[in-house]
Amino acid sequence: MLEFSYDALPGRIVFGRGAARQRLAGEVDRLGSSRLLLIATASEEAKARELLTPVADRIVATFAGVRPHVPVAVAEAARAMAAEVGADALLSVGGGSTTGTAKAVALTTGLPIVAVPTTYAGSEVTPVWGLTEGERKRTGTDPVVLPRVVVYDPELTVSLPAGLSAASGLNAMAHCVEAFWAPRRNPISSLAAEEGIRALATGLPAVVVDGGDLDARSDLLYGAYLAGSAFAVAGSGLHHKICHVLGGAYDLPHAETHAIVLPHVLAFNAPGATSAAARIGRALGIADPVAGLRSLSKRVGIPTGLRDIGLRNDQLDEAVALIEPAVPADNPVPVTTVALRSLLEAAWSGEAEEEKP
Ligand code: NAD
């Protein structure tokens, strides 16, 4: 018998090839904004400006000081600029760091965000913000940071190099897979997740072979949208908790860590989440979803073990101790210290030990 609760998130999505150039002005009109603060990294600014010609007369200033993980000083500088120029909306063009900067401004000013994503991070459809002070990253949820409009244009992602495309796409894959057992999962987030896995698995290998393949770019961006939507609603589970600790404590690369750990968490959880595993397998087009994820990562050039990206074996016990307090209580399979240690050991070595029945 079905029983669930679901907070549907508002927000308008405009998706299509050429959408940024052709439809953005209309979207800004719908919002009634006439004083936009453009937020883009210095390297993306020229591309953004060219693309934004139809709304150029409404851009009153550009903030190009975007930095990864939104340092507080960056957030404050962007807020000061928004106030100084009297912005009535924020236009972010870039990856998760750029969207994150716009969210930091929206958090304190309430200004609406028009987001034009150029990676597969998915932040543009979540109400989650993050700010970094020194080494510490704080995150929170506030509906005011959820972009009002998201314009997805696959053409903008063509310049994303193969390595970044693979890592970013697999990070989106992790959002989808985890959405099946994350704390606020529901039938709608699972639907989005399943379709997201299908789209990502179709687009990823093709984009790595030919970054200019616009059909594949479209599949990936659509998958990234669904991944962000599922993640926004379902929240994060065991996989994200593990990756958060590993990234924070050992400075491992974010997306590769996700790609390496994901098949191990799926292998671990599958016995307690058989219907999720079957749906993930169906979306990947393979009976064994663990093998499917592994083979996808391999095809797009992701290393197999955490040892290949800088984690030492003598750090595993400490990692287990750091992860344990964050483990979600309703994980489909109980997470004992021994089980967590063995999951991490397998992810470290890259050997599929835990896949045996
Ligand atoms: P990013 O925004 O830092 O971009 C990575 C690099 O790619 C940058 O150098 C950027 O300039 C470049 N780049 C972006 N688009 C490009 C393009 N089309 N062509 C060429 N280069 C391009 O990284 P990201 O992976 O997009 O985002 C990661 C950040 O987003 C992290 O801080 C993460 O915590 C955050 N995030 C937040 C949420 C949320 O819900 N709040 C969700 C996912 C990710």
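**Notes on a predicted model**

1. Start with helix 2. On its face turned away from the buried side, helix 2 carries the exposed residues Ala 42 and Ala 46. Keep in mind that this is a predicted model.

2. Now turn to the other side. Which residues of helix 2 are buried? Helix 2 spans residues 42-51, and its buried residues are Glu 44, Ala 48 and Leu 51. Seen down the axis of helix 2, the buried residues fall within an arc of 55°, so they line one face of the helix. An α-helix has 3.6 residues a turn, so residues three or four places apart point the same way.

3. What covers that buried face?

4. Strand 4 deserves a look of its own. Ser 92 sits in this strand. Is Ser 92 buried or exposed? Its relative accessible area is 1%, so Ser 92 is buried. Leaving aside residues up to four places away in sequence, Ser 92 touches Ile 39, Thr 98, Thr 99, Ala 102, Ile 113, Val 114, Ala 115 and Val 116.

5. Next, check the loop between strand 3 (59-63) and helix 3 (72-85), where His 69 is found. His 69 is not a glycine, yet it has a positive phi of about 60°. With a relative accessible area of 45%, His 69 is partly exposed.

6. Val 70 lies in the loop between strand 3 and helix 3 as well. Val 70 is not a glycine either, and its phi is positive, at about 45°. Is Val 70 buried or exposed? Val 70 has 3% relative accessibility, so it counts as buried.

7. Last, a helix pair. Two packed helices are described by the angle between their axes and the distance between the axes. For helix 5 (residues 162-178) and helix 11 (residues 289-299), the angle is about 165° and the axes are 12 Å apart. Angles over 145 degrees count as roughly antiparallel. Helix 5 and helix 11 are therefore roughly antiparallel to each other. Their crossing is right-handed.

8. Which residues make this contact? Helix 5 supplies Leu 170, Met 173 and Val 177. Helix 11 supplies Leu 293, Leu 296 and Ser 297. By class, the contact of helix 5 with helix 11 has five nonpolar residues, one polar residue and no charged residues.

Note on methods: Residues are numbered from 1 along each chain as its sequence is written. This is a predicted model: local features need pLDDT of at least 70, side-chain atom pairs count only at pLDDT 80 or more; totals for chains, interfaces and linings use all residues. Side-chain values use heavy atoms; hydrogens and water are left out. Axes are lines fitted to C-alpha atoms, for helices over the stretch in contact, and angles run from 0 to 180 degrees between N-to-C directions. Helices (H or I, at least four residues) and strands (E, at least two) are DSSP runs, numbered from the N terminus. Angles under 35 degrees count as roughly parallel, over 145 as roughly antiparallel, 65 to 115 as roughly perpendicular and the rest as oblique. A crossing is left-handed if the near helix is turned anticlockwise from the far one by less than a right angle, and right-handed if clockwise. Contact means heavy atoms within 4.5 Å. Ala, Val, Leu, Ile, Met, Phe, Trp, Tyr, Cys and Pro count as nonpolar, Asp, Glu, Lys and Arg as charged, and the others, Gly among them, as polar. Buried means under 20% relative accessible area, exposed over 50%, partly exposed in between (1.4 Å probe, protein chains only). The arc is that of the directions from the helix axis to the C-beta atoms.
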